[in-house]
Amino acid sequence: MKVNCRKTNPIYESWHELYVVKYCDGAYVNSGTLDQKKIAISESQGYGMLITVLAASKQEANQKEFDALLDYYKQHTISDINHLMAWKQVYTSGEMLTDTANNTNATDGDLDIAYALLKADKLWGSQGNHNYRGIANDLMRDLLNYNYSVHNQLLYLGCWAKNDKRYQSLVRTSDLIPTYFKIFFEESHDERWQFLYNQSIDTLELLSDRSVAGLFPDFFWIKDGQIINAKSDTLESDNDGDYGWNANRIPFRLAYNTNNNELMKLNNKLLRFFEQKNRLTAGYDLSGRPLNDYTSMAFTAPIAVAVNQQKNGFNTFAEKIVQQVKTTPLTGNYYADTLQMLAILIFDNAQ
(Lines give C-alpha, C1' and ligand atoms only; values in the text may rest on other atoms or scores of the structure.)
Protein backbone atom coordinates (compact mmCIF):
# COMPACT_ATOMS: atom_id res chain seq x y z
CA MET A 1 0.00 0.00 0.00
CA LYS A 2 1.36 3.39 -0.99
CA VAL A 3 1.23 6.00 1.76
CA ASN A 4 1.98 9.60 0.86
CA CYS A 5 4.27 11.64 3.09
CA ARG A 6 2.66 14.81 4.31
CA LYS A 7 3.88 18.26 3.32
CA THR A 8 3.27 21.04 5.81
CA ASN A 9 0.06 23.02 5.43
CA PRO A 10 -0.47 25.11 8.58
CA ILE A 11 -4.21 25.61 8.02
CA TYR A 12 -4.85 21.92 7.42
CA GLU A 13 -2.69 21.02 10.42
CA SER A 14 -4.72 23.40 12.61
CA TRP A 15 -8.03 22.04 11.34
CA HIS A 16 -6.88 18.44 11.79
CA GLU A 17 -5.65 19.09 15.33
CA LEU A 18 -8.88 20.85 16.31
CA TYR A 19 -11.40 18.40 14.91
CA VAL A 20 -10.01 14.96 14.01
CA VAL A 21 -10.24 12.59 16.96
CA LYS A 22 -8.63 9.14 17.00
CA TYR A 23 -11.03 6.44 18.09
CA CYS A 24 -10.32 2.69 18.28
CA ASP A 25 -8.77 1.84 14.91
CA GLY A 26 -10.28 4.84 13.19
CA ALA A 27 -10.94 8.55 13.54
CA TYR A 28 -13.91 10.88 13.40
CA VAL A 29 -14.48 14.61 12.91
CA ASN A 30 -15.84 16.17 16.08
CA SER A 31 -18.83 18.36 15.23
CA GLY A 32 -19.56 19.24 18.83
CA THR A 33 -18.36 22.32 20.65
CA LEU A 34 -14.72 21.86 21.57
CA ASP A 35 -15.24 22.20 25.33
CA GLN A 36 -18.22 19.84 25.59
CA LYS A 37 -19.16 16.26 24.77
CA LYS A 38 -17.72 14.97 21.49
CA ILE A 39 -20.19 14.31 18.67
CA ALA A 40 -19.67 12.64 15.30
CA ILE A 41 -22.20 13.04 12.51
CA SER A 42 -22.22 11.69 8.98
CA GLU A 43 -22.03 15.25 7.65
CA SER A 44 -18.76 15.92 9.48
CA GLN A 45 -17.37 12.52 8.47
CA GLY A 46 -18.15 13.24 4.83
CA TYR A 47 -16.50 16.64 5.00
CA GLY A 48 -13.51 15.14 6.77
CA MET A 49 -13.05 12.49 4.11
CA LEU A 50 -13.34 15.09 1.34
CA ILE A 51 -10.88 17.41 3.06
CA THR A 52 -8.40 14.60 3.63
CA VAL A 53 -8.46 13.24 0.08
CA LEU A 54 -8.14 16.77 -1.34
CA ALA A 55 -5.23 17.50 0.99
CA ALA A 56 -3.66 14.16 0.11
CA SER A 57 -3.79 15.04 -3.59
CA LYS A 58 -1.44 17.92 -2.68
CA GLN A 59 0.57 15.61 -0.38
CA GLU A 60 -0.60 17.57 2.66
CA ALA A 61 -2.36 14.51 4.14
CA ASN A 62 -1.85 10.81 3.56
CA GLN A 63 -3.75 7.63 2.84
CA LYS A 64 -3.46 6.43 6.44
CA GLU A 65 -5.38 9.50 7.65
CA PHE A 66 -8.10 8.94 5.07
CA ASP A 67 -8.36 5.25 5.97
CA ALA A 68 -8.81 6.11 9.65
CA LEU A 69 -11.88 8.20 8.77
CA LEU A 70 -13.12 5.43 6.48
CA ASP A 71 -12.70 2.84 9.24
CA TYR A 72 -14.89 4.91 11.56
CA TYR A 73 -17.57 5.19 8.87
CA LYS A 74 -17.47 1.40 8.39
CA GLN A 75 -17.89 0.89 12.14
CA HIS A 76 -21.03 3.04 12.16
CA THR A 77 -23.12 1.97 9.19
CA ILE A 78 -26.81 1.45 9.92
CA SER A 79 -26.55 -2.34 9.56
CA ASP A 80 -24.60 -5.06 7.79
CA ILE A 81 -26.88 -4.75 4.78
CA ASN A 82 -27.52 -0.99 4.89
CA HIS A 83 -24.25 0.83 4.16
CA LEU A 84 -25.59 4.31 4.91
CA MET A 85 -23.91 5.87 7.94
CA ALA A 86 -25.85 6.25 11.19
CA TRP A 87 -26.11 10.01 11.27
CA LYS A 88 -25.00 10.72 14.87
CA GLN A 89 -22.82 9.27 17.63
CA VAL A 90 -22.18 10.84 21.03
CA TYR A 91 -19.21 10.12 23.29
CA THR A 92 -20.71 8.35 26.29
CA SER A 93 -18.86 6.38 29.00
CA GLY A 94 -15.74 6.10 26.87
CA GLU A 95 -17.51 5.06 23.65
CA MET A 96 -19.00 6.69 20.58
CA LEU A 97 -22.56 5.42 20.75
CA THR A 98 -25.51 5.65 18.36
CA ASP A 99 -28.90 5.90 20.04
CA THR A 100 -31.67 3.88 18.42
CA ALA A 101 -33.36 7.09 17.24
CA ASN A 102 -30.13 8.16 15.50
CA ASN A 103 -29.58 4.87 13.66
CA THR A 104 -30.80 6.41 10.44
CA ASN A 105 -29.02 8.49 7.83
CA ALA A 106 -28.73 12.10 6.72
CA THR A 107 -28.53 12.20 2.94
CA ASP A 108 -25.86 14.89 2.51
CA GLY A 109 -23.29 13.08 4.63
CA ASP A 110 -23.54 9.85 2.65
CA LEU A 111 -23.34 11.72 -0.66
CA ASP A 112 -20.05 13.32 0.43
CA ILE A 113 -18.67 10.03 1.74
CA ALA A 114 -19.43 8.26 -1.56
CA TYR A 115 -17.86 11.06 -3.59
CA ALA A 116 -14.76 11.11 -1.36
CA LEU A 117 -14.37 7.35 -1.84
CA LEU A 118 -14.43 7.71 -5.63
CA LYS A 119 -11.77 10.42 -5.37
CA ALA A 120 -9.71 8.10 -3.14
CA ASP A 121 -9.98 5.36 -5.77
CA LYS A 122 -8.63 7.76 -8.40
CA LEU A 123 -5.79 8.87 -6.15
CA TRP A 124 -4.65 5.54 -4.68
CA GLY A 125 -6.56 2.81 -6.49
CA SER A 126 -8.57 0.16 -4.67
CA GLN A 127 -6.05 -2.65 -4.37
CA GLY A 128 -4.79 -1.83 -0.86
CA ASN A 129 -6.40 -2.28 2.54
CA HIS A 130 -9.71 -0.91 1.29
CA ASN A 131 -11.63 -1.33 -1.94
CA TYR A 132 -12.68 2.34 -2.14
CA ARG A 133 -14.58 1.88 -5.37
CA GLY A 134 -16.46 -1.15 -4.07
CA ILE A 135 -17.43 0.62 -0.83
CA ALA A 136 -18.56 3.67 -2.84
CA ASN A 137 -20.72 1.48 -5.06
CA ASP A 138 -22.35 -0.16 -2.02
CA LEU A 139 -23.08 3.27 -0.60
CA MET A 140 -24.42 4.65 -3.89
CA ARG A 141 -26.69 1.63 -4.26
CA ASP A 142 -28.11 2.07 -0.77
CA LEU A 143 -28.62 5.80 -1.27
CA LEU A 144 -30.93 4.83 -4.12
CA ASN A 145 -32.48 1.91 -2.25
CA TYR A 146 -33.33 3.89 0.87
CA ASN A 147 -33.26 7.59 -0.05
CA TYR A 148 -34.56 7.88 -3.61
CA SER A 149 -38.15 9.03 -4.03
CA VAL A 150 -39.93 7.52 -7.01
CA HIS A 151 -42.62 10.18 -6.55
CA ASN A 152 -40.46 13.22 -7.33
CA GLN A 153 -37.12 11.74 -8.51
CA LEU A 154 -35.28 13.56 -5.73
CA LEU A 155 -33.79 12.36 -2.45
CA TYR A 156 -35.47 12.11 0.93
CA LEU A 157 -33.88 14.01 3.83
CA GLY A 158 -32.80 10.59 5.09
CA CYS A 159 -34.05 7.02 5.03
CA TRP A 160 -36.21 7.85 8.08
CA ALA A 161 -38.33 10.20 5.94
CA LYS A 162 -39.27 7.51 3.44
CA ASN A 163 -41.81 6.09 5.89
CA ASP A 164 -42.73 9.33 7.65
CA LYS A 165 -45.74 10.83 5.87
CA ARG A 166 -45.07 14.22 7.48
CA TYR A 167 -41.75 14.62 5.65
CA GLN A 168 -41.92 12.37 2.59
CA SER A 169 -42.29 15.40 0.34
CA LEU A 170 -39.77 17.68 2.06
CA VAL A 171 -36.42 18.24 0.32
CA ARG A 172 -33.20 19.87 1.55
CA THR A 173 -31.83 22.10 -1.22
CA SER A 174 -28.23 21.35 -0.33
CA ASP A 175 -28.92 17.67 -1.12
CA LEU A 176 -29.30 18.69 -4.77
CA ILE A 177 -25.75 18.14 -6.04
CA PRO A 178 -25.95 17.63 -9.80
CA THR A 179 -22.21 17.10 -10.21
CA TYR A 180 -22.28 14.15 -7.82
CA PHE A 181 -25.31 12.66 -9.53
CA LYS A 182 -23.62 12.83 -12.91
CA ILE A 183 -20.47 11.16 -11.57
CA PHE A 184 -22.49 8.49 -9.75
CA PHE A 185 -24.40 7.72 -12.95
CA GLU A 186 -21.17 7.38 -14.91
CA GLU A 187 -19.85 5.01 -12.23
CA SER A 188 -22.95 2.89 -11.63
CA HIS A 189 -24.94 3.29 -14.88
CA ASP A 190 -28.09 3.36 -12.74
CA GLU A 191 -30.50 5.64 -14.59
CA ARG A 192 -31.94 6.94 -11.32
CA TRP A 193 -28.82 9.06 -10.88
CA GLN A 194 -29.51 10.57 -14.31
CA PHE A 195 -33.10 11.28 -13.23
CA LEU A 196 -31.73 12.97 -10.11
CA TYR A 197 -29.30 15.01 -12.18
CA ASN A 198 -31.99 16.35 -14.51
CA GLN A 199 -34.62 16.89 -11.81
CA SER A 200 -32.14 18.68 -9.52
CA ILE A 201 -31.18 21.17 -12.21
CA ASP A 202 -34.80 21.82 -13.16
CA THR A 203 -35.76 22.32 -9.51
CA LEU A 204 -32.84 24.63 -8.74
CA GLU A 205 -33.65 26.74 -11.79
CA LEU A 206 -37.26 27.12 -10.68
CA LEU A 207 -36.27 28.08 -7.13
CA SER A 208 -33.71 30.58 -8.41
CA ASP A 209 -36.26 32.21 -10.71
CA ARG A 210 -38.55 32.86 -7.74
CA SER A 211 -35.98 35.02 -5.97
CA VAL A 212 -34.79 38.33 -7.41
CA ALA A 213 -31.49 37.67 -5.66
CA GLY A 214 -31.30 34.06 -6.89
CA LEU A 215 -31.32 32.76 -3.31
CA PHE A 216 -32.53 29.31 -2.32
CA PRO A 217 -34.48 28.21 0.77
CA ASP A 218 -33.05 25.64 3.15
CA PHE A 219 -36.03 23.36 2.50
CA PHE A 220 -38.95 23.05 0.11
CA TRP A 221 -41.93 20.76 -0.43
CA ILE A 222 -42.62 19.02 -3.72
CA LYS A 223 -46.19 17.75 -3.92
CA ASP A 224 -48.13 16.77 -7.05
CA GLY A 225 -45.45 18.39 -9.15
CA GLN A 226 -45.75 21.69 -7.26
CA ILE A 227 -42.70 23.15 -5.50
CA ILE A 228 -43.52 25.09 -2.34
CA ASN A 229 -40.95 26.88 -0.19
CA ALA A 230 -40.87 25.68 3.42
CA LYS A 231 -42.20 27.94 6.17
CA SER A 232 -40.57 28.74 9.50
CA ASP A 233 -40.03 25.80 11.84
CA THR A 234 -40.93 23.20 9.24
CA LEU A 235 -38.05 21.00 10.42
CA GLU A 236 -35.10 22.77 12.03
CA SER A 237 -35.50 26.50 12.69
CA ASP A 238 -37.25 29.80 12.06
CA ASN A 239 -35.21 30.07 8.87
CA ASP A 240 -36.25 26.84 7.14
CA GLY A 241 -37.67 28.87 4.25
CA ASP A 242 -34.67 31.22 4.06
CA TYR A 243 -31.14 31.11 2.69
CA GLY A 244 -29.84 29.71 5.95
CA TRP A 245 -27.42 27.18 7.39
CA ASN A 246 -28.27 24.49 4.82
CA ALA A 247 -28.68 26.49 1.61
CA ASN A 248 -25.43 28.32 2.39
CA ARG A 249 -23.61 25.32 0.84
CA ILE A 250 -25.29 25.61 -2.55
CA PRO A 251 -22.75 27.97 -4.20
CA PHE A 252 -19.94 25.47 -3.78
CA ARG A 253 -22.21 22.52 -4.59
CA LEU A 254 -23.01 24.19 -7.91
CA ALA A 255 -19.42 25.15 -8.60
CA TYR A 256 -17.74 21.93 -7.47
CA ASN A 257 -15.87 20.26 -10.34
CA THR A 258 -18.35 21.17 -13.06
CA ASN A 259 -18.44 23.21 -16.24
CA ASN A 260 -22.19 22.87 -16.67
CA ASN A 261 -23.46 26.15 -18.13
CA GLU A 262 -26.87 25.85 -16.45
CA LEU A 263 -25.26 25.55 -13.02
CA MET A 264 -22.87 28.41 -13.73
CA LYS A 265 -25.83 30.64 -14.63
CA LEU A 266 -27.45 29.88 -11.28
CA ASN A 267 -24.24 30.78 -9.46
CA ASN A 268 -23.81 33.91 -11.58
CA LYS A 269 -27.15 35.21 -10.38
CA LEU A 270 -26.16 34.54 -6.77
CA LEU A 271 -22.76 36.14 -7.23
CA ARG A 272 -24.23 39.32 -8.74
CA PHE A 273 -26.29 39.65 -5.56
CA PHE A 274 -23.41 38.99 -3.17
CA GLU A 275 -21.00 41.22 -5.13
CA GLN A 276 -23.16 44.22 -4.26
CA LYS A 277 -22.79 43.62 -0.52
CA ASN A 278 -20.13 45.51 1.41
CA ARG A 279 -20.25 42.75 3.99
CA LEU A 280 -21.58 39.21 3.70
CA THR A 281 -23.79 38.27 6.62
CA ALA A 282 -24.85 34.88 7.96
CA GLY A 283 -28.11 34.28 6.12
CA TYR A 284 -30.72 36.14 4.06
CA ASP A 285 -34.41 35.89 3.42
CA LEU A 286 -35.27 35.18 -0.21
CA SER A 287 -35.78 38.87 -0.97
CA GLY A 288 -32.14 39.50 0.01
CA ARG A 289 -32.69 41.00 3.46
CA PRO A 290 -29.97 39.97 5.98
CA LEU A 291 -31.16 37.69 8.77
CA ASN A 292 -28.24 38.49 11.10
CA ASP A 293 -25.71 41.27 11.60
CA TYR A 294 -22.67 38.98 11.87
CA THR A 295 -20.54 37.15 9.34
CA SER A 296 -19.59 33.48 9.20
CA MET A 297 -17.18 31.50 7.06
CA ALA A 298 -20.02 28.97 6.71
CA PHE A 299 -21.57 31.49 4.29
CA THR A 300 -18.49 33.29 2.97
CA ALA A 301 -16.40 30.24 2.03
CA PRO A 302 -18.92 28.59 -0.36
CA ILE A 303 -19.45 31.93 -2.11
CA ALA A 304 -15.68 32.24 -2.50
CA VAL A 305 -15.50 28.80 -4.14
CA ALA A 306 -18.17 29.83 -6.66
CA VAL A 307 -16.63 33.19 -7.51
CA ASN A 308 -13.16 31.67 -7.78
CA GLN A 309 -14.50 29.33 -10.46
CA GLN A 310 -16.24 32.13 -12.36
CA LYS A 311 -13.72 34.97 -12.17
CA ASN A 312 -14.75 36.54 -15.46
CA GLY A 313 -16.80 39.60 -14.56
CA PHE A 314 -16.07 39.18 -10.85
CA ASN A 315 -12.31 39.73 -10.71
CA THR A 316 -12.24 42.29 -7.89
CA PHE A 317 -14.85 40.46 -5.83
CA ALA A 318 -13.05 37.13 -6.37
CA GLU A 319 -9.68 38.50 -5.31
CA LYS A 320 -11.12 40.06 -2.16
CA ILE A 321 -13.24 37.17 -0.93
CA VAL A 322 -10.78 34.39 -1.79
CA GLN A 323 -8.04 36.23 0.08
CA GLN A 324 -10.39 36.68 3.03
CA VAL A 325 -11.08 32.95 3.19
CA LYS A 326 -7.39 32.08 2.90
CA THR A 327 -6.22 34.45 5.63
CA THR A 328 -8.98 34.34 8.26
CA PRO A 329 -7.90 32.22 11.26
CA LEU A 330 -10.02 29.26 12.29
CA THR A 331 -12.49 30.17 15.02
CA GLY A 332 -13.23 26.90 16.81
CA ASN A 333 -16.66 26.60 15.20
CA TYR A 334 -16.75 23.19 13.50
CA TYR A 335 -19.15 24.06 10.69
CA ALA A 336 -17.59 27.38 9.70
CA ASP A 337 -14.01 26.12 10.03
CA THR A 338 -14.73 22.96 8.05
CA LEU A 339 -16.37 24.74 5.12
CA GLN A 340 -13.49 27.24 5.16
CA MET A 341 -10.94 24.39 5.11
CA LEU A 342 -12.79 22.68 2.28
CA ALA A 343 -12.89 25.91 0.28
CA ILE A 344 -9.15 26.49 0.66
CA LEU A 345 -8.39 23.00 -0.58
CA ILE A 346 -10.74 23.43 -3.54
CA PHE A 347 -8.85 26.65 -4.41
CA ASP A 348 -5.52 24.79 -4.21
CA ASN A 349 -6.71 21.85 -6.29
CA ALA A 350 -8.04 24.20 -8.97
CA GLN A 351 -4.60 25.68 -9.55
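Which residue in S4 does Ala40 stand opposite? Ala40 stands opposite Gln89 in S4, and the legends below place this pair and others in a predicted model.

**View 1. The whole protein, with its helices and strands.** The secondary structure comes to 12 helices and 8 strands, where helices (H or I, at least four residues) and strands (E, at least two) are DSSP runs, numbered from the N terminus. The C-alpha trace spans about 50 × 45 × 40 Å along its principal axes. A compact globule with 351 residues would have a radius of gyration near 20 Å, and the protein, with 19 Å, agrees with this; the radius is taken over C-alpha atoms, and the globule rule is 2.2 Å times the number of residues to the power 0.38. Residues are numbered from 1 along each chain as its sequence is written, and side-chain values use heavy atoms, with hydrogens and water left out. Because the model is predicted, local features need pLDDT of at least 70 and side-chain atom pairs count only at pLDDT 80 or more, while totals for chains, interfaces and linings use all residues.

**View 2. The open sheet S3-S4-S5.** Three strands in the order S3-S4-S5 form an open sheet with antiparallel pairing, two strands being paired if DSSP finds at least two bridges between them. Strand S3 (39-41) and strand S5 (95-97) stand at the edges with a single partner strand each, so one side of each is left without a neighbour in the sheet. The twist averages 25° from one strand to the next; axes are lines fitted to C-alpha atoms, for helices over the stretch in contact, and angles run from 0 to 180 degrees between N-to-C directions. S3 is joined to strand S4 (residues 88-92) by 3 bridges, and the two run antiparallel.

**View 3. The open sheet S6-S7-S8.** A further open sheet of 3 strands has the order S6-S7-S8, again with antiparallel pairing. Its edges are strand S6 (170-172) and strand S8 (226-229), each of which has a single partner strand, so one side of each is left without a neighbour in the sheet. Between S6 and strand S7 (residues 219-223), which run antiparallel, there are 3 bridges, and Arg172 has Phe219 in S7 as its bridge partner. S7 and S8 pair in the antiparallel sense over 4 bridges, with Ile228 in S8 as the bridge partner of Trp221. The hairpin of S7 and S8 has 2 residues between the strands, and in this hairpin Asp224 takes a positive phi near 50°.

**View 4. Helix H2 against helix H3.** Helix H2 (residues 42-57) and helix H3 (residues 63-75) pack with their axes 9 Å apart, at an angle of about 160°. The two are therefore roughly antiparallel to each other, a term for angles over 145 degrees, whereas those under 35 count as roughly parallel, 65 to 115 as roughly perpendicular and the rest as oblique. Among the residues that meet here are Met49 and Val53 in H2 and Phe66 and Leu69 in H3, where contact means heavy atoms within 4.5 Å.

**View 5. Helix H2 against helix H4.** The axes of H2 and helix H4 (residues 107-124) come within 8 Å and cross at roughly 20°, which makes H2 roughly parallel to H4. The residues that meet include Tyr47, Leu50 and Leu54 in H2 and Ile113, Ala120 and Trp124 in H4.
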